[in-house]
Amino acid sequence: MAVVMGAGGALGAAQVGMGYALEQRGFVPDMIIGTSVGSLNGAIAAAHPDRAAPWLAQVWSRLRRRDVYPLGYLSSRAGIFTDRGLRRLIARAGLPARIEQLEVPFTAVAMDLATGAPALLDHGDLESALLASAAIPGMLPPVEREGRTLVDGGVIAYVPVLAARQAGAASVVVVTSGPESSPPRPTEARRSAGAIAARAGVLLLHHQIERDLCEVSRHIPTVVLPTGIEAWPAPWDFGQSQRLISTASRTAGRFLDGLRVSGPGLYRVNDPSTTSAGPSGVTTPSLRGDDL
């Protein structure tokens with residue numbers, strides 16, 4: 001079983017809640033694939049596969065924007081913020097120096113800025129892999145690694161299920177967050193430039209996520225954990241982490257307690273496509289280890 005952890009900035013606190021639900025039910029993945037904030041959470045989960053959630057919950061509950069996105073005295077032409085904050089967070093996590101030293105096989109997904117191809121970082125220096133996967137273009141500086149210039153993997157794989165399939169996963173549990181992961185609700189037309197751009201961005205990412213989920217679920221069981229969160233904060237607002245953690249933990253836990261997997265398909269709450277994806281009876285949820 002592969003656990004796939006998507007992007008989302010401060011919304012990644014919800015992943016901690018879903019991690020609680022998995023850990024409390026004894027789930028230890030065979031591999032973890034992460035993009036952006038999902039790579040940071042995922043690396044810690046890969047280092048401590050049975051006890052990462054409580055530690056992450058403490059860290060997330062204390063985080064503030066300036067801890068993650070500090071402005072430099074001399075602004076870099078490559079990014080508005082420096083990566084000092086992320087480096088400090090990585091250092092405090094007590095992670096090994098190399099990806100191969102993690103307890104669970106782990107891949108951080110970034111994007112090659114020259115070619116636009118995904119960069120699947122599954123070996124070598126761990127810190128540079130995490131920095132690359134989280135290097136939001138324009139906000140944080142790109143990372144030079146092994147002769148490539150790398151940026152945030154969320155640009156090309158907001159939820160990196162294709163990478164999990166490529167790595168040979170026999171089944172996937174998707175731990176993601178943010179409004180992009182749910183069917184977009186119709187809204188009234190907005191006239192401000194910022195509102196229009198934000199709406200278009202959500203729709204763009206939603207379609208990317210749905211395309212990749214549908215592709216992978218044709219071949220292997222693909223379980224999408226629900227968060228239960230309807231009111232999402234801004235991706236840079238770390239002040240609501242505890243609410244996201246507790247809500248996602250309760251919702252994902254209920255889902256996992258009732259889920260039954262019966263072959264390839266897309267398993268998630270209130271998903272009308274599940275009746276035609278192969279599995280049946282998948283819209284009233286929770287999960288067992290022997291299912292995956």
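Ala78 sits in the loop that joins strand S3 (71-76) to strand S4 (79-81); strands (E, at least two residues) and helices (H or I, at least four) are DSSP runs numbered from the N terminus. The model is predicted, with local features requiring pLDDT of at least 70 and side-chain atom pairs pLDDT 80 or more, while totals for chains, interfaces and linings use all residues. Residues are numbered from 1 along each chain as its sequence is written, and side-chain values use heavy atoms, without hydrogens and water.

Ala78 counts as partly exposed because its relative accessibility is 36%, between the limits for buried (under 20%) and exposed (over 50%), with a 1.4 Å probe and protein chains only. Beyond four places in sequence, Ala78 is in contact (heavy atoms within 4.5 Å) with Gly138, Leu140, Pro141 and Pro142. Its C-alpha atom is 8.3 Å from that of Pro137, 59 residues away along the chain.

The lining of the second largest pocket comprises 28 residues, with Leu40, Val59, Trp60, Leu63 and Leu89 nearest the centre. A pocket here is an open set of points on a 1 Å grid over the protein atoms alone, where a 1.4 Å probe fits, with protein on both sides within 12 Å along at least five of seven lines; lining residues have an atom within 4 Å of a point. Helix H3 supplies six lining residues, the largest share.

The mean pLDDT, the predictor's confidence per residue from 0 to 100, is 88 for the protein. Over residues 271-290 pLDDT stays under 50.
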